[in-house]
Amino acid sequence: MDHSSEPMLPLETLRAFDAAARTGSFSAAAEKLNLTHGAVSRQIAKLEDWLGLKVFDRGARGVSLTIEGNRLHLRTTEAFALIASNSDRWVEPRGTAVVRLASIPSVGGLWLMPRMAALESNPTKLRIVLDVDNRQADLADEGIDLSVRCGRGRIPGRVSVQLFEEHVFPVASPELANEIGRGDPARLLKFPLINDSDASTWRAWFAAQGMDYRPRPHDRRFEDYNLVLDAAAHGLGIALARPPLTQDQLKSGRIVAADDRVALNPISYWLDRPAGRLRAAAADLARRIAALAGLAPEKIEAFIEAES
């Protein structure tokens, strides 16, 4: 009997169920999976809601499988054994030093990846599992310890701290930049402008120059900022550099400044985590990210200690 509109359950939900069934405890399952007790509890609640029945009886000393839960566990055990028989499968690392970090593709590739070795090795060893996704996922439900994102402010249900802001400026391929030349900001409107998810950043830049901008038919939009930079490098129009995401691209000469005027981006960078107590390894990684972002130590400590 299916009481959910979801056709399938996430694998994380079945992993939580399997771990709780084997250990007889949500706390022990959380420790085994490097999750919080609340995250495991929410996954079990999601499973029971999806099935429309109870899979565990809760007691003072732990949990025990119901008859229906025992039937399900037999099936999930067979399914996990079948998956395990595939020698080419990817085995996700586990352990107390493993931290799951979520981010969008552009931030993951352009800001986190160049810093990944430093984040994992200094001063002690961590293992970062990077989840790259454009969705605003439920961090607790999906077992995510930390998230680095772009946004305009805090997201309800998360603990957030602003990492840094950025001042944007126009960039283009060297050939197009030479054609654009120097002069007043209006000259840029003779060429296609490249936007990412929306036009707010270009609007902010033109507003700082005392001008209004609305997207035009010959302008372009790409949802991912990596594609925005690729389009600019291939001469498809003018993009806005977003330091420090564009640091390496500018240094290589793949793109160059098409105008020296800068404007504050209304979008800034945030570090998020689920509400509740942060695991020691996740707190360690949060401090390392904050240090590389130039965030004051007292701000990251407040972020780590906050309960909600």
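Are F17 and F56 buried or exposed? F17 is buried, and F56 is buried as well, where buried means under 20% relative accessible area, exposed over 50% and partly exposed in between, with a 1.4 Å probe and protein chains only. The model is predicted, so that local features need pLDDT of at least 70 and side-chain atom pairs count only at pLDDT 80 or more, while totals for chains, interfaces and linings use all residues. Residues are numbered from 1 along each chain as its sequence is written, and side-chain values use heavy atoms, with hydrogens and water left out.

A search of the whole structure finds eight aromatic pairs, a pair being rings of Phe, Tyr or Trp (its six-membered ring) with centres within 6.5 Å, counted as stacked if the planes are under 30 degrees apart, edge-to-face if over 60 and tilted otherwise. The rings of F17 and F56 have centres 5.6 Å apart and planes at 55°, so this pair is tilted. Because F17 lies in helix 1 and F56 in strand 1 (residues 56-59), the pair ties together parts that are 39 residues apart in sequence; helices (H or I, at least four residues) and strands (E, at least two) are DSSP runs numbered from the N terminus. Elsewhere, ring pairs link W202, W205, F206 and Y213 into a cluster.

Charges also meet rings: the charged end of R242 sits over the ring of Y225, 4.8 Å from its centre, and that of R273 sits over the ring of F303, 5.5 Å from its centre, the criterion being NZ of Lys or CZ of Arg within 6 Å of the ring centre and within 35 degrees of the ring normal.
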